[in-house]
Amino acid sequence: MAAVSKTYEEINERIRKGQAVVLTAEEMTRLVKKVGPEKAAKEVDVVTTGTFAPMCSSGVFINFGHTQPPIKAAKVWLNDVPAYAGLAAVDIYLGATEPAFDDPLNKVHPGTFEYGGGHVIHDLVSGKPVRLRAEAYGTDCYPNRHVEMTVTLQDLPYAVLCNPRNAYQNYNCAVNLSKKTIYTYMGTLKPRLGNANYSTSGELSPLLNDPHYRTLGLGTRIFLGGAQGYIVWHGSQHRPDAPRLPNGIPRMPSGTLMVLGDLKEMSPRWLMGVSIQGYGCSLAVGIGVPIPILDAEMATYTGISDSEIVTQVKDYSFNQAEPLAEVTYEELRSGCIRIGEKEVPTVPLSSVVRAREIAGILKRWIEEGRFELGVPQKLLPNPLRPARAS
Amino acid sequence: MYARMLVLRFPKEIVDKPIVTNLVRNYNLSFNILKAQIYPRKEGLMVMELRGNRKDYERGLQYLKDIGVIVESIAQGIRRDEEKCYQCGACTAVCPTGALHIKRPEMEVLFDSERCSACELCVKTCPARAMIVLFDQKMTLEV
């Protein structure tokens, strides 16, 4: 039997004809365990993945339209949340973690961070009116110095979600070795190993299903915030050279994605403003990446299960720099891990229920011919990507 | 043995009466107080688990109602906004009673109000602010 080899164009042709066979990453894991990667590669064209969790490095580019008289906005607030205005006249960037200007922050610790950039983005995609205020120093060509108006996403001439770092390939499991509760971006960590928090959708997670980024890069079409978006670059802190298991899975945080899409097409269900106690505001982002099953190697990768993915348990209280243990996602999802002599309850921060829903939606889009694979024009950097016989 | 988690609201006329003592002495019930508060206008609020045999429990409850205590279940005072909850599980780190827990292997986050002790730790821990507590607000807004 000849080895399976498919092209993007062949798979897209099958999608257009409504003949593509699409499985979610969970379904693929079961199939590969049952029939092996060769047979699975023959049967399956695309595997869909998903993740839904707070992703701090997110934000939106907005152009709010020229005013009369025109303004070269120097400072801009949306519902009292400052946006970056150091771009052209009415172009701004609103970051997810920016708190409202009058937020009490951590002055009474732990702060609650009730409203910030992520919440503004959520309100915009919900269609709610948002108060926009801009100040300027005034120029001959832009004489206006102050603007206040109410905008909705529909009114805005341009709003593009552009997240410089999303969908981390693996992440630490966080614990607290100190004697008091700490409040971190990994959630509330009780003292003396009171709980172990982790934030990856494991076998459903996009970058864990293509560990060497063989099919991911500039132009890969994805599910982003409920709409179709794109991978446009590797994300900040992309670190492909992290130590890996023989199966290619990085044992610690590794690859990342920079993603982009039209905010106007997105949905509030998949872009949720969040408040992380003692830490700050953020945005929970829904991302799903389709993985083309080009050959048996891709079937092997997407056949990965939680028991074959590991991560490091790290102390977030700055008492110990070295990892405390290496654990599998199967152990993390069981509800309890063992660290030394202690049984430590585990707490997920990434929603597996929503990740599964995203993988299901993306599967349906592809099956119905509404979503074709984007052919990556430049793969994510990875000096360790294994050479393939072609 | 029968046990229920209750929210008791005391009008100011009886807030200084030894009501819990009477439940123990006259109705053979045991109790576990999780929260007790007197508000500026002297109304009281207590979250308490009441335990005993079914008959004694019913009689004790009738006693409370007869003297003017408003008895509510926890579910009337604390609930989850299912639109906001995105089923992550962050709340399970702090929930002391397991009212918020994860169903495995599905990884669904469930809220069982019968087990809730109204500690409110989940309210600020939930990133989506999906947990809603009403009884404190009710106490200060009404009357």
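## The A–B interface

Chain B puts 23 residues in contact (heavy atoms within 4.5 Å) with 28 residues of chain A. This is a predicted model, where local features need pLDDT of at least 70 and side-chain atom pairs pLDDT 80 or more, while totals for chains, interfaces and linings use all residues. Residues are numbered from 1 along each chain as its sequence is written, chains are lettered from A in the order in which they are written, and side-chain values use heavy atoms, with hydrogens and water left out.

About 1800 Å² is buried between the two chains, 56% of it from carbon and sulfur atoms; that is accessible area (1.4 Å probe) lost on putting the two parts together, summed over both. On the chain B side, Tyr86(B), Ala93(B) and Met107(B) lose the most area to chain A, together 33% of what that side buries.

The interface has one salt bridge (Lys or Arg side-chain nitrogen within 4 Å of an Asp or Glu carboxyl oxygen) by the rule used. Glu114(A) pairs up with Arg129(B) in a salt bridge, with the closest N and O atoms 3.1 Å apart.

## A helix pair in chain B

Now for chain B itself. Helices α1(B), residues 19-27, and α2(B), residues 54-66 (DSSP runs of H or I, at least four residues), pack at about 145 degrees with axes 10 Å apart. The axes are lines fitted to C-alpha atoms over the stretch in contact, and angles run from 0 to 180 degrees between N-to-C directions. From α1(B), Ile19(B), Asn22(B), Leu23(B), Asn26(B) and Tyr27(B) make the contact, meeting Asp56(B), Arg59(B), Gly60(B), Tyr63(B) and Leu64(B) of α2(B).

Technical notes:
Helix = DSSP H or I, 4+ residues; strand = E, 2+ residues; numbered from the N terminus.
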